[in-house]
Amino acid sequence: MTQPFIMQMRPLFGEEEKRAVCEYMDEDGFITEFKRTEKFEQMLAEYTGSKHCIVVNNGTISLTLAALAAGIKAGDEVIVPNYTMIATPNSVKMFGAVPVFVDVEPETLCLDIDKVKQAITPKTRAIMLVSANGRYPRPGIEAFEELAKQQNLLLLEDAAQSLGSFYPDGRHIGRAGLIGSFSFSAPKIISTGQGGALITDDDTMAAKLRRLKDFGRAAGGNDIHDSIGYNFKFTELQACIGIEQMKKLPSRVERKKEIWRRYSANLEGVKGIRLFEHDLKCTSPWFIDSLAENRDALIAHLKTANIGTRVMYPPINKQQAYQAPGDHKVSNNIGQQGLWLPSAVQLSDFDIDRICSTIREFYQV
Ligand SMILES: Cc1ncc(COP(=O)(O)O)c(C=O)c1O
């Protein structure tokens with residue numbers, strides 16, 4: 001009998017989200033951002049422990065706004081990982097800043113600090129640190145904070161994959177940088193379909209971010225503009241969903257950890273595939289990431305068994321969109337062997353066991 005298809009990832013919404021949207025529609029018809037959005041922002045600020053939270057329409061524009069608010073300009077260099085979602089470099093490329101690609105650590109897939117040091121030039125203005133899959137860099141976030149201070153650089157955090165993950169000192173990821181950015185696109189631990197959020201403890205940055213997303217308005221609702229701004233606002237419908245998703249976040253964080261543990265135990269001793277490790281005291285694994293020998297054949301084998309996967313991001317400097325020089329060993333290797341296994345929070349233990357036995361069968365162990 002054919003087993004049901006297991007998607008690599010799918011969002012999870014329930015009756016609560018449906019009810020919240022219906023209740024809102026019975027109550028008000030503006031839909032544009034208002035009280036529900038404020039509540040969603042408060043919940044995110046509280047959960048992350050940050051002073052301010054500003055939501056926007058996605059986790060790419062949030063990075064652009066973070067860079068603009070921080071004062072990065074066209075021609076400035078911004079150090080970004082060569083392994084990340086392409087939104088990270090694109091967010092600054094959008095206004096003419098220059099992303100400079102640096103390789104990542106083989107264990108954490110976060111920026112390699114030694115290589116970052118080598119890439120700093122007189123034009124470098126910022127480091128955009130990506131906490132890949134909720135991980136933090138091996139020398140500790142403090143090493144990046146120290147480097148940024150010493151070199152007079154801005155530290156911005158692309159924490160798109162890291163809601164529910166923390167640094168060992170207890171700070172939520174995204175709080176070490178001047179501004180931290182999150183995404184609520186469909187595959188994230190909580191989703192609003194599309195959506196992004198910025199957190200900061202800096203009052204000036206928060207005010208700038210609010211103006212940037214709302215046409216540069218001096219205050220909500222008026223038409224007085226003291227600076228240039230755009231329209232990157234959220235909607236109440238997304239906020240209704242986001243509020244309900246936030247209530248589910250703590251249990252999802254725990255389930256993500258259990259999922260990783262079960263995969264790890266089931267695949268122990270399988271020579272052809274290696275899961276990237278996690279510090280589960282801190283990290284909520286967003287995706288199950290692995291290095292797989294003979295990757296394409298494994299993907300095909302899993303597909304025949306009705307199991308979806310996704311290849312991990314190719315090295316960005318080699319994407320046609322950039323074609324930037326440099327040979328980055330770790331990100332090149334991920335481009336060849338990196339594979340995301342099914343990672344949705346709704347995976348059952350039975351599903352995980354089925355996936356792992358199909359993998360074992362492929363590697364004949
Ligand atoms: C590291 C990283 N940065 C930025 C983004 C972009 O977020 P969005 O899809 O909300 O624009 C993503 C989305 O997957 C991401 O993984």
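This is a short chat about the structure shown above, a predicted model.

Colleague: How is the chain divided into domains?

Modeller: The domain assignment gives domain 1 (15-243) and domain 2 (249-363). Keep in mind that this is a predicted model.

Colleague: How far apart are the C-alpha centres of domain 1 and domain 2?

Modeller: Those centres lie 25 Å apart. The contact between the domains takes 25 residues from domain 1 and 26 residues from domain 2.

Colleague: And what classes of residue are on the domain 1 side of that contact?

Modeller: The side of domain 1 that touches domain 2 has 15 nonpolar, 7 polar and 3 charged residues.

Colleague: On to the core. Which residues touch the most other members of the largest nonpolar core?

Modeller: Leu65, Ala67 and Val78 do. That core holds 94 residues. Helix 3 (residues 61-69) gives the most to it, with 7 residues. The core also draws at least three residues from each of domain 1 and domain 2.

Colleague: What is Leu65 in contact with, leaving aside neighbours within four places in sequence?

Modeller: Val56, Leu198, Leu209, Leu212, Lys213 and Phe232. As a general point, nonpolar side chains tend to be buried together in soluble globular proteins.

Colleague: Switching to the ligand. Which residues come nearest?

Modeller: Gly59, Thr60, Met85, Ala160 and Ser183 come nearest, out of 14 residues around the ligand.

Colleague: How many of the shell residues are nonpolar, polar or charged?

Modeller: The shell around the ligand has 4 nonpolar, 9 polar and 1 charged residues.

Colleague: Which way do the residues of strand 6 point?

Modeller: Ile179, Ser181 and Ser183 point one way. Gly180 and Phe182 point the other way.

Colleague: What does strand 6 pair with?

Modeller: Strand 5 (residues 154-158) pairs with strand 6 in the parallel sense, over 3 bridges. Strand 7 (residues 196-200) pairs with strand 6 in the antiparallel sense, over 4 bridges.

Colleague: What stands opposite Gly180?

Modeller: Glu157 stands opposite Gly180. In strand 7, Ile199 stands opposite Gly180.

Colleague: How many bridges join strand 8 and strand 9?

Modeller: Strand 8 and strand 9 (residues 288-292) pair over 3 bridges, in the antiparallel sense. Ile273 stands opposite Ala292 in strand 9.

Colleague: Last one, Ile141. Where is Ile141 found?

Modeller: Ile141 is found in helix 6 (residues 141-150).

Colleague: Buried or exposed?

Modeller: Ile141 counts as buried, because it has 22 C-beta neighbours inside 10 Å. The cut-off for buried is 20 or more.

Colleague: Which residues is Ile141 in contact with, beyond its neighbours within four places in sequence?

Modeller: Tyr136, Tyr167 and Ala176. Also, Ile141 and Ile173 are 32 residues apart in sequence, and their C-alpha atoms are 9.4 Å apart in space.

Definitions and conventions. Residues numbered from 1 in each chain as written. Predicted model: local features only at pLDDT ≥ 70, side-chain atom pairs only at ≥ 80, totals over all residues. Core = buried A, V, L, I, M, F, W, Y, C linked by C-beta atoms within 7 Å. Buried ≥ 20, exposed ≤ 12 C-beta atoms within 10 Å, placed from the backbone. Helix = DSSP H or I, 4+ residues; strand = E, 2+ residues; numbered from the N terminus. Domains from an automatic or database assignment. Contact = placed C-beta atoms within 7 Å. Near = placed C-beta within 6 Å. Nonpolar A, V, L, I, M, F, W, Y, C, P; charged D, E, K, R; others polar. Pairing = 2+ DSSP bridges.
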